[in-house]
Amino acid sequence: MTHVSETGSSLEEINDRLYDQGATDGLPIIPPTEERVEEMLQGTDRPRDEVITTLGNRDDPITVEKLATNAVMAGCTPIHLPVLVAGIEALGDPWSNSIQFSVSTGSWAYLWLINGPVRDMLNVQCGTGAFGPGFRANRVIGRALGLAYKNTTRIHPGVKDMATVGSPFKYSLVAGENEELNPWEPLHVTEGYDEDESTITLGGPNSFIVWSPYENDAQHVLEGMVYHTDLEMFGRHYADHQGTIVYALNPYNAEELAEAGLTKREVKEYICDNSHTNIHKFARGALRDAAFESHDDEKVTPLQVPQISDPEYIRVVTIGGGGRFNATIGRSIGGPVTRKIEFPDNWEELLDTYRIEPNWVKDAEYYD
Amino acid sequence: MGLMNPQNPSESSDRHAISPRVDTLDGKHVGLYDNGKAAAEPVLEVIKRRIQERYDDVTFSKFTLDYLNQSKDPAKMDDVQEWAADGLDVCIGAMGDCGSCTKFLVWGVERAERAGVPAVGILDEAFVMDWKSNAIERGWPLRYKEVPVRSEVADIERVERDLTEGVIDDIIDELVRPRTDKERDLATPS
């Protein structure tokens with residue numbers, strides 16, 4: 001059966017038209033009718049014509065309404081809009097380097113890490129399977145921000161977004177930090193925000209390595225972090241941006257590090273101190289150049305250089321649920337940039353209307 | 001009810017004609033614009049040498065960005081335009097062989113054209129649509145020449161092999177071939 005939208009066109013026709021215009025991500029979208037966009041705008045107190053920021057080559061303005069339109073297409077509801085506004089603000093920060101990583105052959109993705117009370121409000125997945133698939137908030141937030149950036153700046157893949165091999169993560173690398181099982185301060189507190197504030201943090205990585213330690217103790221977890229940092233993943237300042245590595249540790253391994261008395265800062269320092277790598281492994285490129293530059297006042301060239309030159313180029317977050325697998329994500333050539341999420345006055349009403357609690361297994365029918 | 005438009009316009013509201021071409025490179029002052037990409041230096045070096053071999057009294061001036069992302073700095077782009085305006089007859093820019101560098105090369109070549117200097121950008125052939133879309137969004141039918149030098153190749157021997165005399169002919173042609181009607185009088189968008 002063909003569903004007819006309010007426009008008089010079928011859902012299929014609308015999808016074909018928007019795909020032809022280059023306005024989708026290749027998957028079907030929800031038609032952004034005036035009615036749906038109007039409903040979406042309930043998620044903010046900002047005027048619909050307010051410019052949130054400018055993006056891309058031409059400093060293209062993105063208005064609240066334009067963001068809401070893309071949010072509809074991605075499958076968001078009004079309760080997601082506050083997160084999207086903060087995410088767009090992060091993309092508009094020059095430090096995000098989004099103008100480069102969004103179109104680069106390097107196939108960089110948009111990494112979004114969500115912290116604070118908003119995780120529970122929106123059911124942002126922080127535990128098992130946090131990076132997906134399957135969790136609405138995680139999926140639609142990443143999709144909406146990717147669509148909004150693409151459609152504002154008109155970077156069609158294969159035409160202006162020149163990612164050589166592309167990235168399956170590009171619009172879907174979204175997770176909340178598992179703050180409840182995190183033994184240290186959460187990411188947003190490390191970035192200077194209060195614990196009861198909600199934030200979204202942007203990075204621009206292109207690799208995602210999943211690994212587990214050989215033994216479940218602090219020493220082996222740290223060794224795993226060092227050994228599973230690929231040569232492409234280096235942390236240092238370069239040109240007008242920096243390379244950053246994110247370690248997404250499962251709660252068990254994070255706990256073992258903390259129980260060994262290690263602070264988050266000490267974990268980062270250990271990674272840096274033990275990241276020295278034979279310089280000849282870097283035949284060319286940024287790390288080799290930077291390594292030589294950092295030693296250009298010496299009479300001879302050292303044989304080893306730190307792959308990550310300072311703890312500031314590392315982020316350690318606790319993400320995921322039970323199990324022993326971790327992820328090294330990087331290197332990111334964008335950000336990190338963190339922005340506070342602001343909620344509209346009608347927030348509680350919106351949550352009452354739109355919040356959905358997944359109830360996939362009817363266990364209450366079988367167990368007390 | 002109708003659909004809301006999720007996109008911004010893809011074209012600039014201002015359109016620009018490219019600069020008149022020269023009749024020959026003989027006796028001309030040629031600008032070599034290096035956008036900071038690794039392949040730019042050997043590509044421009046080989047192009048310079050090949051042009052020198054053809055013309056006795058051609059002279060050169062080079063402008064090199066320290067690194068690619070300097071293109072994001074409007075003041076640095078102003079410097080490019082000033083350099084172009086300061087006596088260049090033509091300008092050859094390199095290298096467009098990745099997503100951001102092709103875009104940034106467009107920005108540099110545009111600055112030469114803004115200074116009234118006929119210019120051409122040198123590209124890996126895989127980045128032609130990237131060049132066009134970036135030029136179109138800025139309202140310019142900027143000329144380019146796609147070359148067989150593969151992305152990220154900085155080995156000068158490979159560059160010398162790939163930049164054949166025929167390719168050099170084509171690069172020069174972009175600087176001397178008279179403008180088309182479209183290039184001279186680009187219609188205002190409807």
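Biologist: Before we start, what should I know about the numbering and the values?

Modeller: Residues are numbered from 1 along each chain as its sequence is written, and chains are lettered from A in the order in which they are written. This is a predicted model in which local features need pLDDT of at least 70 and side-chain atom pairs count only at pLDDT 80 or more, while totals for chains, interfaces and linings use all residues, and side-chain values use heavy atoms, with hydrogens and water left out.

Biologist: How many residues of chain B are in contact with chain A?

Modeller: On the chain B side there are 30, in contact with 42 residues of chain A, where contact means heavy atoms within 4.5 Å.

Biologist: And what area is buried between them?

Modeller: About 3,000 Å², of which carbon and sulfur atoms give 52%; buried area is the accessible area (1.4 Å probe) that two parts lose on being put together, summed over both.

Biologist: How many salt bridges are there between chain B and chain A?

Modeller: The count is 2, a salt bridge being a side-chain nitrogen of Lys or Arg within 4 Å of a carboxyl oxygen of Asp or Glu. One of them joins the side chains of Arg58(A) and Glu137(B), at 3.8 Å from N to O.

Biologist: Which helix of chain B gives the most to the side that touches chain A?

Modeller: Helices and strands here are DSSP runs, numbered from the N terminus, with at least four residues (H or I) for a helix and at least two (E) for a strand. Both α3 (99-114) and α4 (128-137) of chain B supply at least two residues of that side, and α4(B) gives the most, with 5 residues.

Biologist: Switching to chain A, what is the strand order in the sheet that holds β13?

Modeller: That open sheet of 4 strands runs β6-β13-β9-β12 in chain A, with mixed pairing; two strands pair if DSSP finds at least two bridges between them. Its edge strands, each pairing on one side only, are β6 (208-211) and β12 (314-318) of chain A.

Biologist: Do β9 and β12 of chain A run parallel or antiparallel?

Modeller: Strand β9(A), residues 244-249, runs parallel to β12(A) and is joined to it by 5 bridges, with Leu249(A) opposite Thr318(A).

Biologist: What about the sheet with β14 of chain A?

Modeller: This open sheet of 4 strands has the order β4-β3-β5-β14 in chain A, again with mixed pairing. Strand β5(A), residues 199-203, is antiparallel to β14(A), the two being joined by 4 bridges, and Thr199(A) stands opposite Lys340(A).
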